[in-house]
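Please look at the sequence and the structure below, and keep both in view while reading the report that follows.

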Amino acid sequence: MQCPYCSGDSSVTETRVTADGLRRRRVCTACKRRFTTYEKLGAPGLKVSKRDGSIEPFDTDKLLRALERIAAHRETVTTDDLRRIARDIEATLVDSGRKSVAWSDIVALALARLENIDHVSAQRLAANYTDESGAIRLDGETRARPVQQLGLPLDDET
Ligand SMILES: [Zn+2]
């Protein structure tokens with residue numbers, strides 16, 4: 001990113017994930033001035049590979065909707081919490097420099113973050129995306145439903 005003062009190169013000194021995107025503190029490598037930038041990432045070019053072999057663009061909003069279904073009716077989890085999780089996962093994937101990622105990796109990232117906020121939601125996510133052996137299933141991410149033995153309400157796929 002160009003320095004707004006002298007158009008020199010800048011380097012990042014700090015990255016903060018917010019609900020809306022990334023806030024980066026930068027320092028110009030030429031004039032040493034400091035400035036802050038705000039970014040909405042959108043993970044350009046990042047692809048998600050699914051078990052059935054299909055590949056689709058990474059979609060943070062889709063991930064957020066999946067998380068919202070998982071955490072539905074959990075009062076301890078706010079939409080902002082979920083947005084931060086989705087943005088944080090997005091930032092993690094972008095910063096990793098990867099061009100593609102398996103859906104199971106995304107689920108694992110989401111599990112780790114949800115576990116810090118709400119154990120019940122994390123268990124729902126695990127129940128939705130792992131099979132009896134504990135392996136993460138890669139399909140069905142757009143049709144995530146609570147398993148019935150947990151006694152949870154089925155959602156309506158609105
Ligand atoms: Zn400068």
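In which crossing, left-handed or right-handed, does α2 pass α3? The crossing of α2 past α3 is right-handed, a term used when the near helix is turned clockwise from the far one by less than a right angle, with anticlockwise giving left-handed.

This is a predicted model, in which local features need pLDDT of at least 70 and side-chain atom pairs count only at pLDDT 80 or more, while totals for chains, interfaces and linings use all residues. Residues are numbered from 1 along each chain as its sequence is written. Helices are DSSP runs (H or I, at least four residues), numbered from the N terminus.

The table gives the packing of two helix pairs, with axes fitted to C-alpha atoms over the stretch in contact and angles running from 0 to 180 degrees between N-to-C directions.

| Pair | Angle | Axes apart |
|---|---|---|
| α2 (residues 79-96) and α3 (residues 103-117) | about 140 degrees | 10 Å |
| α3 and α4 | about 160 degrees | 8 Å |

Because angles under 35 degrees count as roughly parallel, over 145 as roughly antiparallel, 65 to 115 as roughly perpendicular and the rest as oblique, α2 and α3 are oblique to each other, whereas α3 and α4 are roughly antiparallel. The crossing of α3 past α4 is left-handed.

In helix α4 (residues 119-129), the buried residues are S121, R124, L125 and Y129, where buried means that 20 or more other C-beta atoms, placed from the backbone, lie within 10 Å of the residue's own. These residues cover an arc of only 115 degrees around the axis, so they are on the same side of α4, the arc being that of the directions from the helix axis to the C-beta atoms.

Methods
Helices (H or I, at least four residues) and strands (E, at least two) are DSSP runs, numbered from the N terminus. A residue is buried if 20 or more other C-beta atoms lie within 10 Å of its own, exposed if 12 or fewer, and partly exposed in between; C-beta atoms are placed from the backbone.
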